[in-house]
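This report goes through one protein chain, from its overall layout to a single residue. Please look at the sequence and the structure before reading on.

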Amino acid sequence: MRKILSLLICLVLVFSLSISAFAAGSTKVDSKVSATVIKLGDKITVTVSLSDCAPFKSMALTPNYDKNVFELVSGEWLLTGAVLSDFNGTSGAVAYSSAVEKSGNIFKYVLKAKDNATLKNTTIKTDAVIKNGDTTVTSTATAVTVKVICKNHSFGSWSKADDNNH
């Protein structure tokens, strides 16, 4: 009887560990843009959201974009209740006194397409370092593609065929 009881307890423990490991999947860090086509000199807002996030006590976000195409104008946290909430012009950090579970929109920043940028498709994503004390919460950042086009263009006697030809 003791052997059967021991075996059942072992099975329950193994099963409970596998559920915990399965539940601790990767946090998704998504970047959504206010426009997928932007003209030179115009601004674009990038909104960062979390989904499937495990509890955390601190997070640092770093916008990742082509510095030859965009310049960072501003950034702000959309989270409340933090003991620290900062944006230093290149990255942002937030911290809580105890672990929290957050999802949805958490941060937004504004990029401006430089007047002398190369016209091209470019990607924007937001890298995250998420911690719950000393434990790192695994995260996956998704990128979004933005097309940078000329500000104004006079076609003259030519007619426009598409965005790249006339």
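## Terms and layout

A strand here is a DSSP run of E with at least two residues, and strands are numbered from the N terminus. The model is predicted.

The protein contains 1 helix and 12 strands. Read from the N terminus, the order of elements is α-β-β-β-β-β-β-β-β-β-β-β-β. Among contacts with a separation of 6 or more, 70% join residues 24 or more positions apart.

## Surface and burial

Of the 166 residues in the protein, 28% are buried. The accessible surface is about 10300 Å², and carbon and sulfur atoms hold 54% of that area.

In soluble globular proteins, nonpolar side chains tend to be buried together. The largest nonpolar core in this model has 34 residues, and Met59, Phe70, Ile106, Leu111 and Ile124 have the most contacts inside it. Elements that give two or more residues to this core include β1 (27–33), β5 (70–77) and β12 (144–149). Strand β8 gives the most, with 5 residues.

Phe70 touches residues that include Ile38, Ile44, Leu111, Ile124, Val146 and Val148, with residues up to four places away in sequence not counted.

## Lys108

Lys108 lies in strand β8. Is Lys108 buried or partly exposed? Its relative accessible area is 31%, so Lys108 is partly exposed; buried would mean under 20%.

Leaving aside neighbours within four places in sequence, Lys108 is in contact with Thr45, Val46, Thr47, Gly75, Glu76 and Leu78. Lys108 and Val48 are 60 residues apart in sequence, and their C-alpha atoms are 5.8 Å apart in space.

Definitions and conventions. Residues are numbered from 1 along each chain as its sequence is written. This is a predicted model: local features need pLDDT of at least 70, side-chain atom pairs count only at pLDDT 80 or more; totals for chains, interfaces and linings use all residues. Side-chain values use heavy atoms; hydrogens and water are left out. A nonpolar core is a set of buried Ala, Val, Leu, Ile, Met, Phe, Trp, Tyr and Cys residues joined through side-chain atoms within 4.5 Å. Buried means under 20% relative accessible area, exposed over 50%, partly exposed in between (1.4 Å probe, protein chains only). Helices (H or I, at least four residues) and strands (E, at least two) are DSSP runs, numbered from the N terminus. Contact means heavy atoms within 4.5 Å. Accessible areas come from the Shrake-Rupley method with a 1.4 Å probe; for residues, only the protein chains shown count as cover.
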